[in-house]
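I opened this entry to keep track of what I looked up, in the order I looked it up. The structure goes in first, and my notes follow.

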Amino acid sequence: MGAGFGMMAFAQMVGASIAEASSSVLSSMGERVIKPDFKPRAKHVIFLFMNGGVSQVDTFDPKPELDKYDGKPIPNAIKTERKTGSLMKSPFKFSRYGKSGLEVSELFPEVGSIADDICVIRSMHTEIPNHEPSLLIMNTGHIQPGRPSMGAWLTYGLGTENKNLPGFVVLCPDQPTVVGPPLWSNGFLPAMHQGTFIADKAPRLEEEFDPYELIPNIHSDSTSLTDQRKEVDLVEKLNRLRMQRVGPNDEELEGAIKAMETAYRMQTEAPDVFDIRKESEATQRLYGPGSTARGCLMAVRLVEKGVRMVQVYYAKGDPWDHHDDINRHRVNARHSDRAFAAVVKDLKSRGLLDDTLVVCGTEFGRTPVLETGGGGAGGRVTNGRDHNPHGFSIWLAGGGVKGGMTYGRTDDFGFKVAENPVHIHDLHATILHLLGINHEKLTYNYSGRDFRLTDVAGKVIHDIIA
């Protein structure tokens, strides 16, 4: 019996070794991780985030009824976060683009030029009309801080293809909104899965851009890589000795060990991948100037190097939160339209669009009525719109998504979802599905419960998958 049990243990060890050897996916530290549940349509995600709340009826969800009933009370009473008034038509004209005839407003003509590559979901909805919980659920699947972000879940489930770079990178001129790091946190997942935040503080002149300034202390003039390697190895040995005393399941210490190793390896590759000056003049013109354009180009370069997910925030604060005048959308769109379209065009030219899922979204939409008090309105009638979680739009491209189509519908005035509702959990389930993950199986046991990105909900939107 003793020999039999011994052989069983040996067989299990051999089986595990064979399974690991058969995996071609590496974690951020070069460790073997589990293969996807099924053949993935995408390998990477670029999430372009327009934080602040973009108005769907002024961008990707045209509503002719707003023109007809402009200045009149909405037929059915609606409840919004702040006091609102009569219906307000969009000040922006919509045009049809591409063979699909997809309707896009004049704010995003460049995005319109890739109409046949994108799928616009017009029936997104969420729970709460405040920035903080809406940002959290869009990024972590829950309205309260403390849960792992989507990027953390992806690196936990799939790892990354480049051990010299983090698996999850977040780009923004400065920390976005008052939420900040919880939006890219590892939560209760091992610390190595947290997002690496890179602040691109836009210089006055493009020629002043320096990739070495993006990552503090990435280069040392006083210590060679060989000496640093010895230091890292020594610190790791000391940390391993401590883990032997306190126990092998010290996730914070394990995370520190792996973060130090990743930081060492980043020295050889990170400055190069962030140096967009190495791109051709034509490519740089494609994206245009500014921090959003640089972030978009960096995102493409990062996924080209094997990073699993890159998130690009438009700017710090809530820059799309236009309570006082919706015409301020013009400025933001002018800074992002060209760059967002360039991501899709550039990925396609590099042969990466099929493997990369591009998601462009916001935390909620805006009302189809005037805001008449509170916040930026200051108690007066304005041309602004209030927050609206009941119906808004996002668009996706590449990574197995059908192009040149819309999915779902809001009511005649663009306030509430009227057809094919898509909750944030459904969006997350679909993103995971496109990366080869069954969202119900990607779980982590914490505090006596199995948690997942989609909580206890979520359904895959098969109609938008090619």
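**Strand 5 and its partners**

I began with isoleucine 121 and found it opposite tyrosine 407 in strand 14. The model is a predicted one, so I took each value as computed from it. I then checked the pairing behind that position: strand 5 and strand 14 (residues 405-407) run parallel and are joined by three bridges.

Which residue of strand 13 stands opposite isoleucine 121? I found isoleucine 394 there. Strand 13 covers residues 392-397 and runs antiparallel to strand 5, with five bridges between them.

I looked up strand 17 (residues 422-423) next, and it runs parallel to strand 5, with two bridges. Here methionine 124 has valine 422 as its bridge partner.

Is strand 5 mostly covered or mostly open? I noted that strand 5 spans residues 118-125 and that seven of its eight residues are buried, which leaves it mostly covered.

**Helix 5**

I turned to helix 5, residues 150-158. Eight of its nine residues are buried, so the helix is largely enclosed by the rest of the structure. I listed the buried ones as Met150, Gly151, Ala152, Trp153, Leu154, Thr155, Gly157 and Leu158. After the helix comes glycine 159, and I read a positive phi for it, near 70°.

**Lysine 93**

I located lysine 93 in the loop between strand 2 (84-87) and strand 3 (94-97). Is lysine 93 buried or exposed? Its relative accessibility is 65%, and the cut-off for exposed is over 50%, so lysine 93 counts as exposed.

I also asked what lysine 93 touches, leaving out residues up to four places away in sequence. The contacts are Val104, Ser105 and Glu106.

**Whole chain**

I finished with the totals. The protein chain has 466 residues, and 54% of them count as buried. I recorded 11 helices and 19 strands for the chain.

How much of the contact count comes from residues 24 or more positions apart? Among contacts with a separation of 6 or more, the share is 77%.

Definitions and conventions. Residues are numbered from 1 along each chain as its sequence is written. This is a predicted model: local features need pLDDT of at least 70, side-chain atom pairs count only at pLDDT 80 or more; totals for chains, interfaces and linings use all residues. Side-chain values use heavy atoms; hydrogens and water are left out. Helices (H or I, at least four residues) and strands (E, at least two) are DSSP runs, numbered from the N terminus. Buried means under 20% relative accessible area, exposed over 50%, partly exposed in between (1.4 Å probe, protein chains only). Contact means heavy atoms within 4.5 Å. Two strands pair if DSSP finds at least two bridges between them.
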